[in-house]
Structure formats: C-alpha cells, structure tokens
Amino acid sequence: MLQQTQVATVIPFYRRFLRAFPTLQALADAPLERVLELWSGLGYYRRARNLHAAARLVARDFGGRFPADYLKARSLPGIGDYSARAILSNAYQQPFAVMDGNVARVVSRLKAIHGNINQPKFRAAVQQELGQILSRRRPGEFNQAMMELGQTVCLPRAPRCPECPCQKWCEGFRRKTPEAFPAPRPRRATEFHFLATALIPHGGKVALVRGLDGGLLTDLWNFPAAFGSTRPEALHRLQEKLSELIRGPVVFGAPVAEIPHTITHRSIRVEVYHVEARGGLSRKSVRWFSFQKLHRSAVSQLARKISAQLGGKF
Ligand code: SF4
C-alpha cells in the first residue's frame, strides 16, 4: 500500500483491509472484486491484484507461510527484488540490504557517489556500498534505521547534519556539499489528454463498464469513457464506443461537468456528457449502480469524483 502513497493516506485503508482480511487465508479466500473494493481510492490497482494472487499462491504452495527463500519469494506476483529483500530481512532476519530512494540518498552522501537513482550504474554502486555496511546481526533493524534516517534526518534539500549519528563517517558532510548527492532524477514528462465520459442515468441508477480506456483500470467499474488528444477526438471515440454498447439511438446532451484528474503521469481534462440511451444497453457489458452503492464498490477514483460532483443532480 505504501508504494507511491503516503503513510497518512494509507492508514485508514490498511486498517479496513486488515479488519476484512485478518489472515493470509482470509485474503486468499476472498474474491478479487472484494479486494478491489477495499483498495478502491488508493490507486495503483495492480498492487491489489498482485497481493491477492500472491496470497492465493502462498496458501496453496507454501502452506500459508511466506517463503523464507529469496527465489521462492521472487516467484510470487508483485514481489520484486526490493520487496523480497524487505520482507526477508524484516521477517526472517536474512542479510539483505534494502535500497529505496531515501536509503540511496543517505548512502550516496555517506560515500559521495555521483549520479541519479534512475541510472543502473549509480544503483549498483549504492547497493554495493550498502551491502558492505549492512548489519549481519540485525539486518531488518538496520534497513528500517536507514530508511528512517533518510526520512527524518538526511532530508533531500536540507539535511540535518548536526543531528546526524553518521556525521563522522559522511564524505558528503566532510566535503560540505551533502546536497550535491545524489543528482536529481530526470522527471517523466506529463502527458495531457482529454477524456470524454458518458453519464447514462436510468431509474435512479447510472451505467458503468469495466475498465476506463486504453487498457487503464481494467478491473474497476467506470463511467463509459474514451481518451483523445483533442476534445472532439475524445468525443468522437466515445460516440463510437457507445454505439457498440447501446441499442438504438444515442442522444448526447451538453457537457454537465468538466473535471481535472490525474492518473500517474497523465494530466486529464474530463468532460462528462449526459447521454440518453433510448433503446437500452447491452446487459453483458454494463452494470447499473445507484450513487449510494457506487461509493462502496470496486469503482475507480475518477468514477467516485464524478459521482460526488453529479450524484445529487440525477
Ligand atoms: S551527515 Fe548529513 S549528509 Fe551525511 S548522512 Fe548525515 S544527514 Fe546525511
């Protein structure tokens, strides 16, 4: 849950999640839809799908106990090098050093390693130094201490060197240029998109479909929508999409809302159109949600936003 997400945001989701799934077996037994419901609002849904799939595999293949072997841990969905090292060092005190952005910053300052975290050569140099200083006796606590040091003392812009317990070994401090390490990472350019979205009300409910568009949010329920690089292109693509979904004539009203939204590096201008489907909708692809039920279901953050803004009007 904490990947790309702040602690304060995660806490209520985490508590709710553990109440619903107090054991690995409870998570493994739950349907994916229920897991996504509880994840809804946190974003990055692949994490939830992987967590659920991994719980099922651990229950089936490892007797319900997370494997204490690196390669077996890595065979589970969603467990990459970072997660395997973090789990094995913390849960089983195995001598794996964990490098996240905070730790990389601390080590690059301690050892004056040039480069930025996107560069494989930089990461390899940091990982090697980290392996040298790792506590073999208490690797889990060492990893947590390094993360904490990066979060609270060795801050990106203004490191608190006078309070730092590592000051006397720190090459960055000795050179009086700790902020020079590491170099800032190049940012991924923001993409701008238009998203035409259909609000199709009927009998106090609205029609949602699985997935957003362009392979995004495939497990979640969304208002029917289509991306475009221009407003007319998005609208045209939405009309095409709806012609497959709706039997008979489709009547588009004027836009009823314009909502800014962001999905990872995409900055999206969402235009919501009121659409009348006079001939009915394909039952196979559509599910009807009341605005009250929508908030408790596996719907996207964008669908929640639209519902919060327009729920009282339809
Ligand atoms: S002395 Fe300063 S730069 Fe070095 S690790 Fe500590 S806080 Fe970071």
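1. Strand S1 (residues 191–199) runs parallel to strand S7 (residues 266–277), and the two pair over 9 bridges. Within this model, which is predicted, histidine 193 has isoleucine 268 of S7 as its bridge partner.

2. Helix H11 (residues 231–245) packs on the sheet. Its contacts are with S1, S5, S6 and S7. The direction of H11 makes about 145° with that of S5.

3. Helix H13 (residues 301–310) also packs on the sheet, where it touches S1, S6 and S7. The direction of H13 makes about 120° with that of S6.

4. The sheet itself is open and has 4 strands, in the order S5-S1-S7-S6. Its pairing is mixed. Strand S5 (225–228) and strand S6 (250–263) stand at the edges. Each has a single partner strand, so one side of each is left without a neighbour in the sheet. On average, neighbouring strands are turned by 20° against each other, direction ignored.

5. Now the second largest pocket. Its volume is about 270 Å³. The lining consists of 15 residues. Nearest the centre lie His202, Ala277, Gly280, Leu281 and Trp288.

6. Which strand gives the most to the lining of this pocket? S7 does, with 4 residues. Strand S2 (201–202) and strand S8 (286–290), like S7, each supply at least two residues of the lining.

7. By class, the lining of the second largest pocket has 7 nonpolar residues, alongside 4 polar and 4 charged ones.

Definitions and conventions. Residues numbered from 1 in each chain as written. Predicted model: local features only at pLDDT ≥ 70, side-chain atom pairs only at ≥ 80, totals over all residues. Heavy atoms only, no water. Pairing = 2+ DSSP bridges. Axes fitted to C-alpha atoms, helices over the stretch in contact; angles between N-to-C directions. Contact = heavy atoms within 4.5 Å. 1 Å grid on protein atoms, 1.4 Å probe; cavity = no way out; pocket = protein on both sides within 12 Å on 5 of 7 lines; lining within 4 Å. Points joined across faces, edges and corners; volume = space filled by probe spheres on them. Nonpolar A, V, L, I, M, F, W, Y, C, P; charged D, E, K, R; others polar.
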